[in-house]
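This report describes selected side-chain pairings and helix contacts. The sequence and structure are shown first.

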Amino acid sequence: MSKVLALTHIYYNHSYNILKPLLLNLSEYDTCFLFSISLDCVERKKITQYIYTDFPNSFIIETPNIGKDIGGKLALLNLALKLNLQSDYMVLLHDKVSPQELNGLEWRDKLLKIIDKETIKTILNLFETNTSIGIIASEESISDEYSAETGNFSTVNNKMLQESISLYNIKTDNYKFVAGTMFWTRNAYMSDFFKLHPPIEMRKRLEHGNVLDNLNGTFTHTVERLFGLIAGNYGYKIQGV
């Protein structure tokens with residue numbers, strides 16, 4: 001049976017009850033659960049107790065609200081490397097609410113369908129039968145902002161993204177990424193990349209608080225895009241379900 005690392009960031013007080021039944025679907029597999037709970041979450045101590053009851057062998061850390069869910073996930077990637085946790089695949093998740101969006105809940109449900117019971121089976125089968133796939137996410141979340149004609153990205157994060165591609169020596173002609181940052185990925189290449197570029201160092205560059213990129217680019221939203229480009233750097237593609 002394939003080994004899975006489930007990395008989940010929690011910010012909202014009420015969200016664990018929504019995530020729990022979906023996360024339990026992963027318990028049917030050889031899954032190691034890692035949780036990051038934001039220090040801004042007032043009920044984090046209570047949520048920690050719930051998690052240890054439902055997932056007794058899980059690892060839980062508390063993190064300052066830096067880089068939103070991206071910061072939590074980088075902290076969890078750092079923890080996984082530090083503990084030398086081995087797996088075939090990782091799934092990155094968080095309690096997305098998007099209060100600034102009119103269809104925030106609908107968007108969350110589309111992102112989280114990747115841990116529906118039947119979808120998990122589909123995803124694992126895709127990984128095992130197609131070695132060119134590096135990331136699998138909800139079809140609706142896959143985006144591509146790159147213009148081959150201009151060599152730029154149609155986002156306010158273009159400048160930071162170009163700088164980061166150079167900084168991390170990313171070479172790819174596949175610029176797709178997962179908007180919302182919930183996806184499955186092969187662990188091997190992700191671990192290789194983050195051993196070269198420690199996630200805890202990357203996290204130090206993230207903005208504090210609930211940062212948005214409506215008007216100006218942010219490193220937080222740049223890293224959201226980098227995850228997809230990292231897959232391309234290792235010769236993998238992104239597949240929708």
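## A salt bridge within one helix

Lys159 and Glu163 form a salt bridge in which the closest N and O atoms lie 2.6 Å apart. The structure is a predicted model. Both residues belong to helix H6 (residues 158–167), and because they are four residues apart there, about one helical turn separates them. The two partners fall into separate accessibility classes: Lys159 is exposed, with a relative accessible area of 59%, whereas Glu163, at 41% relative accessibility, counts as partly exposed.

Salt bridges can also share partners, and in this way Arg44, Lys45 and Glu62 are joined into one network. The count of salt bridges comes to 13.

## Salt bridges between distant parts of the chain

Lys117 and Glu28 meet through their side chains in a salt bridge, with an N to O distance of 3.1 Å. This pair links distant parts of the chain, the two residues being 89 residues apart. Lys117 lies in helix H5 (residues 117–129), while Glu28 is in the loop between helix H1 (16–26) and strand E2 (30–38). Lys117 has a relative accessible area of 44% and is therefore partly exposed; Glu28, at 44% relative accessibility, likewise counts as partly exposed.

A salt bridge also connects the side chains of Glu145 and Arg225, at 2.7 Å from N to O. Which class of accessibility applies to Glu145, and which to Arg225? Glu145 has a relative accessibility of 15% and so counts as buried. Arg225 is also buried, at 7% relative accessibility. Both values are under the 20% limit for a buried residue.

## Thr119 in helix H5

Helix H5 also contains Thr119. With a relative accessibility of 16%, Thr119 counts as buried, since buried means under 20%. When residues up to four places away in sequence are left out, Thr119 touches Lys113, Ile114 and Val241.

## Helices H3 and H7

Two packed helices are described by the angle between their axes and the distance between the axes. For helix H3 (residues 68–82) and helix H7 (residues 187–196), the axes come within 11 Å and cross at roughly 95 degrees. H3 is therefore roughly perpendicular to H7, because angles of 65 to 115 degrees fall in that class.

On the H3 side, Leu74, Leu77 and Leu81 take part in the contact, and they meet Ser191, Phe194 and Lys195 of H7. By class, the residues of this contact comprise four nonpolar, one polar and one charged.

## Helices H1 and H2

H1 and helix H2 (residues 44–54) pack with their axes 12 Å apart, at an angle of about 15 degrees. How are H1 and H2 oriented relative to each other? They are roughly parallel, because their angle is under 35 degrees. The crossing of H1 past H2 is right-handed.

Tyr16, Lys20 and Leu24 of H1 make this contact with Ile47, Tyr50, Ile51 and Asp54 of H2. The residues of the contact of H1 with H2 include five nonpolar and two charged, with no polar residue.

Methods. Residues numbered from 1 in each chain as written. Predicted model: local features only at pLDDT ≥ 70, side-chain atom pairs only at ≥ 80, totals over all residues. Heavy atoms only, no water. Salt bridge = Lys/Arg side-chain N within 4 Å of Asp/Glu carboxyl O. Buried < 20%, exposed > 50% of the residue type's maximum accessible area, 1.4 Å probe, protein only. Contact = heavy atoms within 4.5 Å. Axes fitted to C-alpha atoms, helices over the stretch in contact; angles between N-to-C directions. Parallel < 35°, antiparallel > 145°, perpendicular 65-115°, else oblique. Nonpolar A, V, L, I, M, F, W, Y, C, P; charged D, E, K, R; others polar. Left-handed = near helix turned anticlockwise from the far one by under 90°.
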